Amino acid sequence: MTDIQDTVQLAQGLEASAKFVAEHVQMYKTFHQSPELSSEEHRTAEAIEARLDELGIEHFRSGKTGVVGLLSNGEGPVVGFRADTDGLPIAEETGLDYASTATGILPDGKEAPTMHGCGHDTHITAALAAAAYLSDRREAWQGTVVFLFQPGEETAYGAKAMVDDGLWDKAPRPDVVLAQHVMPMQAGKFSLRAGNMASLADSWRITVRGRQAHGSQPEVSLDPIVAAASMVMRLQTIVSRELSPNTPAVVTVGTFHAGLKENIIPETAEFSLNVRTPDEEVRTKVLGSIERIVAAEAQASGIGAPGIVEINRFPRLFNDAEHTDRVSKALKAGFGEDAVIAAPLGMGSEDAGWLGDAIGVPVVFWAFGGFAEADFADGASPAGNHSPQFAPDAELSVINGTGAAVAVLLEYLGR
Ligand code: ZN
Ligand code: ZN
């Protein structure tokens, strides 16, 4: 395990005091206890604004519950630093004494337990701690940090909402946009790669409409279940038969709902699917294949064209090669030569890339470990993001998230 004292002495002479660490661990626990659902981060945004006020950092809202903090220190580079702020509709089962018992209201009006089950509370805290650290040591750097406290990451809403709300008309245009994410890796380890850090992702809901009838009279029905089942089966052939074995892609049908009673042929069947693709070209091809198959199967069943509704759409998360080298160098300087692991090509999704892509600015996104070495003893691995048992170590994740943020920001802004 990375010793805490070593870790806090990190990057370019960061000397975080025990008091600084303790204050931010407490801040982390407070955020952990009050997670809010995507696009409902009202109290979280207010808490971030209150802290920025304490630090004397100018801020404005963008994308309703998004907060942008502008930490300026004279002429120099401009760097965007993203921290996402939303929680998930999960009932926490970590057993921690600071576990969440909060609830929120889902878009369908139902109440749900909420949890920072993806660790975005570590991101908020690390960004605020980095802001505090940098505002305290203005002699060490020059330029501007645009802190981007982004809502709605889990629903692919937030980055786009901030951009659409005129983010880059109000904030100075950055030279690079940075973002980080806590992962079930050992504290002191970081993972990134040039190119795709995540995939493009599309979620669709498809409604197949037939004609309802008594189960004993199939001849007067148009059975949407059989039609939808054929669609689901045929969709499996897109990746297996239409794409090269060298092209990473996923088509997953994640929900399928139909029917009222065993002796009724229902009027509708509905399913939803999630698509992961590496780039726009493959994305266009796969989505086109889905539309073609769904329409053709409907025709084969003698029913009308199904309704297709987009649930959400994640843009690419593409790490610029040159800036990825620069970030790796900074992390190695701060945490040691073996601290940086080459990330595998993952099929996860993230909307942080849009904050840079929207204005043609390079992006770098890295993962940081937030777990103790003991969590990996004897080949074990801790529960991952989105698990009700996901429990990063409070102190280690705050220290390493903050250390990484400061190390990389000083790489760009240091005197
Ligand atoms: Zn997540
Ligand atoms: Zn996340």
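Here is a short chat about reading a metal site, a helix pair and the nonpolar cores in a predicted model.

Visitor: Let's start with the metal. Which atoms coordinate the zinc ion (ligand 2)?

Guide: Look for N, O and S atoms within 2.8 Å of the metal. Here the zinc ion (ligand 2) is held by SG of C118 plus NE2 of H120 and NE2 of H181, at 2.0 to 2.4 Å. Along the sequence, those donors follow the pattern C-x1-H-x60-H.

Visitor: How far apart are the zinc ion (ligand 2) and the zinc ion (ligand 1)?

Guide: They sit 3.1 Å apart, and C118 coordinates both. C118 belongs to the loop between strand 5 (111–113) and helix 4, while H181 is in strand 7 (residues 176–186), so the pair ties together parts 63 residues apart in sequence.

Visitor: Are C118 and H181 buried or exposed?

Guide: Both C118 and H181 are buried.

Visitor: Now helix 4. At what angle do helix 3 and helix 4 pack?

Guide: Compare the directions of the two axes. Helix 3 (residues 42–55) and helix 4 (residues 120–136) pack at about 10°, with axes 10 Å apart. Angles under 35 degrees count as roughly parallel, so helix 3 is roughly parallel to helix 4. Helix 3 brings T44, I48, R51, L52 and L55 to the contact, and helix 4 brings I124, L128, A131, A132 and S135. By type, the contact residues are 7 nonpolar, 2 polar and 1 charged.

Visitor: Which residues have the most contacts inside the largest nonpolar core?

Guide: Those are F149, L178, W366 and L409, in a core of 78 residues. Helix 4 gives the most to this core, with 9 residues. Another core, of 24 residues, lies apart from it and includes A249, A269, V275 and V294.

Technical notes: Residues are numbered from 1 along each chain as its sequence is written. Chains are lettered from A and ligands numbered from 1 in the order in which they are written. This is a predicted model: local features need pLDDT of at least 70, side-chain atom pairs count only at pLDDT 80 or more; totals for chains, interfaces and linings use all residues. Side-chain values use heavy atoms; hydrogens and water are left out. Axes are lines fitted to C-alpha atoms, for helices over the stretch in contact, and angles run from 0 to 180 degrees between N-to-C directions. Helices (H or I, at least four residues) and strands (E, at least two) are DSSP runs, numbered from the N terminus. Angles under 35 degrees count as roughly parallel, over 145 as roughly antiparallel, 65 to 115 as roughly perpendicular and the rest as oblique. Contact means heavy atoms within 4.5 Å. Ala, Val, Leu, Ile, Met, Phe, Trp, Tyr, Cys and Pro count as nonpolar, Asp, Glu, Lys and Arg as charged, and the others, Gly among them, as polar. A nonpolar core is a set of buried Ala, Val, Leu, Ile, Met, Phe, Trp, Tyr and Cys residues joined through side-chain atoms within 4.5 Å. Buried means under 20% relative accessible area, exposed over 50%, partly exposed in between (1.4 Å probe, protein chains only). Donors are N, O and S atoms within 2.8 Å of the metal (3.2 Å for Na, K and Ca); water is not among the atoms, so sites may look incomplete.
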